[in-house]
Amino acid sequence: MTLNSIDEGYMRRALKLAAETTGLASPNPQVGCVLTQTPPNGGSAKIIGEGAHLYAYRDHAEIVALKQAAERGLSTIGATAYVTLEPCSHHGRTGPCADALVAAGVSRCVVATQDPNPQVSGQGLAKLRAAGIEVTVGILQQQARDLNDAFAHFIQHKTPFVTLKAALSVDGKLAPPPAARYPNQPHWLTGPAARYEVQLLRHASDAVLTGIGTVLADNPQLTDRSGVFGPNALPRRRPLLRVILDSQLRIPLISQLVLSADSGKDSGYPDLLILCSKTAPSNKITALTDAGAQVETIPDHAGRLSLPAVLTTLAERSILSLLLECGSHLNGAFLQQNLVDKAVLIYAETELGVQAIPFAQGIASPYLFEESLHRTTRVNYGPDACVTGYLHDPWHEQTAD
């Protein structure tokens with residue numbers, strides 16, 4: 001095996017460890033680390049320690065791996081560290097991981113990608129090199145970046161990374177016309193496989209957002225049901241924050257959202273945030289708050305809630321990733337204000353006709369919209385086709401060393 005293929009093999013293991021922290025690392029990045037050591041008498045390198053970062057346990061991935069090696073009584077002198085993100089060089093909740101690797105006597109460090117923070121990017125690598133450690137950067141870089149799009153965007157722009165998800169008919173419509181629908185019930189376009197993928201999207205997000213129109217039409221739960229094929233949802237450190245834009249607080253107190261609201265009294269993390277206008281009725285604010293919802297007023301813009309103010313409000317809550325599951329109006333508003341970073345469009349085989357609700361107000365067709373996407377991928381979930389692509393590269397200020 002070549003050195004590059006060996007490096008890729010261990011980095012894939014580190015990436016797998018990082019991916020397993022989905023829902024558990026935010027607002028920090030998802031990072032995995034694998035330590036290998038070549039036996040004194042030669043032969044193939046062996047893993048002596050590995051780990052990933054879990055926000056609740058503070059230790060970064062490198063520290064977890066170093067501690068595991070120490071617990072096994074294995075020497076790290078001359079070891080190689082495979083890390084999915086550049087070891088940190090600054091003091092945060094923990095000390096610099098670059099310093100820890102130097103102190104452990106590591107002789108080589110293989111890094112998938114640099115830190116996306118332009119204020120510290122490259123400094124961890126410089127520390128390692130200054131200590132005489134051989135540094136290799138860029139092994140499986142894109143895979144590592146894909147795991148941390150939200151972190152990369154947030155650390156540079158201080159706003160959430162916004163993904164727009166839409167389930168559409170084959171003729172590009174969002175839903176049947178109101179007259180053809182049952183009130184307060186969702187209309188399913190896509191099949192079970194695609195709907196499960198949407199649950200995984202929710203699980204990978206800090207928050208999901210919709211507008212009052214969708215609430216009144218569908219009476220959704222908007223919960224993380226990623227355990228739909230098992231007894232429980234996949235683990236997450238804090239609950240999925242369900243965000244509703246409702247300028248005049250028309251949301252019914254008997255809606256599924258309000259009835260399932262958790263104020264966060266015990267956990268410290270409320271799971272329902274309703275954003276409204278300053279002219280919203282105060283008695284409704286009181287009633288919703290008593291029901292467990294968190295209600296906050298934000299500025300208006302052109303007679304509607306300011307979407308940049310929405311993103312700022314969420315950023316103040318350390319929401320790094322936001323999933324939009326909206327109706328036509330909000331889809332159009334977010335797109336026209338250039339606030340969407342990534343799109344996930346899932347097409348069913350159903351045709352809804354010209355009178356059906358469009359994908360996004362002001363957008364002629366989702367098929368035309370697809371032409372503005374970059375790094376587009378296409379997969380099938382059962383009979384449904386999914387197109388994913390980016391409008392903005394969250395790593396655009398980052399270059400490989």
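This is a predicted model: local features need pLDDT of at least 70, side-chain atom pairs count only at pLDDT 80 or more; totals for chains, interfaces and linings use all residues.
Along the principal axes, the C-alpha atoms of the protein chain occupy a box of roughly 75 × 45 × 40 Å. The radius of gyration of the protein chain is 23 Å, which agrees with the value near 21 Å that a compact globule of 401 residues would have. Of those 401 residues, 52% are buried. Among contacts with a separation of 6 or more, 74% join residues 24 or more positions apart.

The buried residues are Asp149, Ala150, Phe151, Ala152, His153, Phe154, Ile155 and Gln156. Their packing partners include two helices, α5 (141–147) and α11 (307–315). Strands take part as well: β6 (161–168), β14 (321–324) and β18 (384–390) pack against the buried residues of α6.

What follows just after α6? There, Lys158 takes a positive phi of about 60°, although Lys158 is not a glycine. This residue is found in the loop between α6 and β6.

Rolling a probe the size of a water molecule over the atoms shows where empty space is left. In this model, the second largest pocket contains about 1200 Å³ of space. Its lining is made of 42 residues, and Asp146, Leu200, Leu201, Ala204 and Lys342 lie nearest the centre of the pocket. At least two lining residues come from each of several elements, among them the helices α5, α6 and α7 (192–203). The strands β6, β14, β15 (342–347), β17 (374–381) and β18 likewise each supply at least two. Sorted by class, the lining of this pocket has 20 nonpolar, 13 polar and nine charged residues.

Ala302 has a phi near 55°, a positive value in a residue other than glycine. The loop that holds Ala302 lies between β12 (300–301) and β13 (304–305). Ala302 is exposed because its relative accessible area is 73%, where the cut-off for exposed is over 50%. In the loop between α1 (3–19) and β1 (32–37) sits Pro27. The peptide bond leading from Ser26 to Pro27 is cis, with omega near 10°.

Is Phe369, in contrast, buried or exposed? At 7% relative accessibility, Phe369 counts as buried, since buried means under 20%. Phe369 is part of helix α13 (residues 366–370). Setting aside neighbours within four places in sequence, Phe369 is in contact with Leu335, Ala343, Leu345, Phe359, Ile363 and Leu391. Arg195 stands 174 residues from Phe369 in sequence, and their C-alpha atoms are 22 Å apart in space.

Terms used. Residues are numbered from 1 along each chain as its sequence is written. Side-chain values use heavy atoms; hydrogens and water are left out. Buried means under 20% relative accessible area, exposed over 50%, partly exposed in between (1.4 Å probe, protein chains only). Helices (H or I, at least four residues) and strands (E, at least two) are DSSP runs, numbered from the N terminus. Contact means heavy atoms within 4.5 Å. On a 1 Å grid over the protein atoms alone, a cavity is a set of points where a 1.4 Å probe fits but cannot get out, and a pocket is an open set with protein on both sides within 12 Å along at least five of seven lines; lining residues have an atom within 4 Å of a point. Grid points are joined across faces, edges and corners, and a volume is the space filled by probe spheres set on the points. Ala, Val, Leu, Ile, Met, Phe, Trp, Tyr, Cys and Pro count as nonpolar, Asp, Glu, Lys and Arg as charged, and the others, Gly among them, as polar. The radius of gyration is taken over C-alpha atoms; the globule rule is 2.2 Å times the number of residues to the power 0.38.
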